[in-house]
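Please look over the model before reading on.

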Amino acid sequence: MLFLALKTKKMNIVLFGPPGAGKGTQAKLLANYFRIPHVSTGDMFREAAAEGTRLGIKARDEYWGKGNLVPDDITIGLVKERLGAKDCEKGFILDGFPRTIGQAEALEKISKIDYAIEIQSSEEIIIKRLTSRLQCKKCGKIYGLDVPPKKDKLCDKCKLPLYHRDDDKEEVVRERLRVYKKQTRPLIKFYKKNGLLRSINGEQKIEKILDDIKKIVQEKL
Ligand code: AP5
């Protein structure tokens with residue numbers, strides 16, 4: 001029954017929370033479990049910069065590289081296009097969007113959201129996690145203190161060297177946290193008001209957080 005419900009029910013999930021709360025980690029696991037795409041605006045911006053597009057370089061040098069948000073008009077346009085793609089017809093997991101009230105209002109016009117899941121974590125834990133996070137450029141797998149690579153700084157799967165994100169330097173992380181409080185935290189009130197907010201303790205084990213999120217999603221199936 002559950003399998004059938006998962007196959008037929010459309011699920012549009014928003015994951016939000018401070019930098020380093022574990023959104024990307026959970027989004028990848030959920031995407032694999034529910035077989036729906038993981039849409040990360042942060043990944044989109046990093047990919048555009050790596051490809052050397054004009055927009056990608058501008059977004060990195062003027063905004064995300066410094067810990068600031070990329071302007072709403074650019075971000076909303078990108079998400080609108082991505083959510084319009086065929087693979088999002090069965091639903092999607094949005095990781096890192098919306099991040100402002102303007103983006104949340106725009107999203108309401110783009111698509112109906114079923115769940116807005118806030119992953120909570122303290123600043124102390126976030127700084128510890130982000131300053132030690134490593135990621136694979138090829139497959140995107142995220143490593144950290146609790147999920148270290150098997151072999152020294154090499155991706156377990158791709159066997160390529162892992163990298164440390166430019167915006168994970170402590171001073172940039174502190175700026176991202178400041179921006180989060182000012183621009184993204186108001187989303188808690190926004191999603192509480194429309195009844196979509198669910199909050200999860202992001203300081204638990206990765207598997208426990210995943211279970212908590214699955215329970216929330218399966219409640220509505
Ligand atoms: P983005 O890439 O979205 O960054 P972020 O939101 O700051 O989040 P992070 O990717 O840093 O952390 P996360 O919550 O995904 O944690 P993770 O799972 O990796 O955005 C980057 C930038 O792009 C933004 O700053 C902004 O400038 C721009 N941008 C993006 N979207 C935008 C938008 N909508 N509007 C405007 N600008 C936008 O985990 C972190 C670490 O912790 C890892 O090492 C992981 O292994 C570890 N970990 C995770 N969970 C656990 C756990 N339960 N226990 C122990 N360790 C854990």
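## Buried side of helix 5

This is a predicted model. Helix 5 buries four named residues: Thr75, Ile76, Val79 and Leu83. They cover an arc of only 95 degrees around the axis, so they sit on the same side of helix 5.

The face turned away from that buried side carries Asp73 and Glu81, both exposed. Here buried means under 20% relative accessible area, and exposed means over 50%.

## Length check

Helix 5 takes in residues 72-83. At 1.5 Å a residue, its twelve residues should span 16 Å. The end C-alpha atoms are 16 Å apart, which agrees with that expectation.

## What covers the helix

Which elements cover the buried residues of helix 5? Among them are two strands, strand 2 (38-40) and strand 3 (91-95). Helix 3 (41-51) and helix 6 (101-110) also take part in the cover.

Helix 3 lies across strand 2 and strand 3. Its direction makes an angle of about 65 degrees with strand 2.

Five strands make up an open sheet, in the order 2-3-1-4-7. The pairing is parallel. Strand 2 and strand 7 (197-201) stand at the edges. Each has a single partner strand, so one side of each lacks a neighbour in the sheet. From one strand to the next, the twist averages 25 degrees.

Strands of a sheet pair through backbone hydrogen bonds. Strand 2 and strand 3 pair in the parallel sense, over three bridges. Val39 has Leu94 of strand 3 as its bridge partner.

Conventions. Residues are numbered from 1 along each chain as its sequence is written. This is a predicted model: local features need pLDDT of at least 70, side-chain atom pairs count only at pLDDT 80 or more; totals for chains, interfaces and linings use all residues. Side-chain values use heavy atoms; hydrogens and water are left out. The expected span of a helix is 1.5 Å times one less than its number of residues. Buried means under 20% relative accessible area, exposed over 50%, partly exposed in between (1.4 Å probe, protein chains only). The arc is that of the directions from the helix axis to the C-beta atoms. Contact means heavy atoms within 4.5 Å. Two strands pair if DSSP finds at least two bridges between them. Axes are lines fitted to C-alpha atoms, for helices over the stretch in contact, and angles run from 0 to 180 degrees between N-to-C directions.
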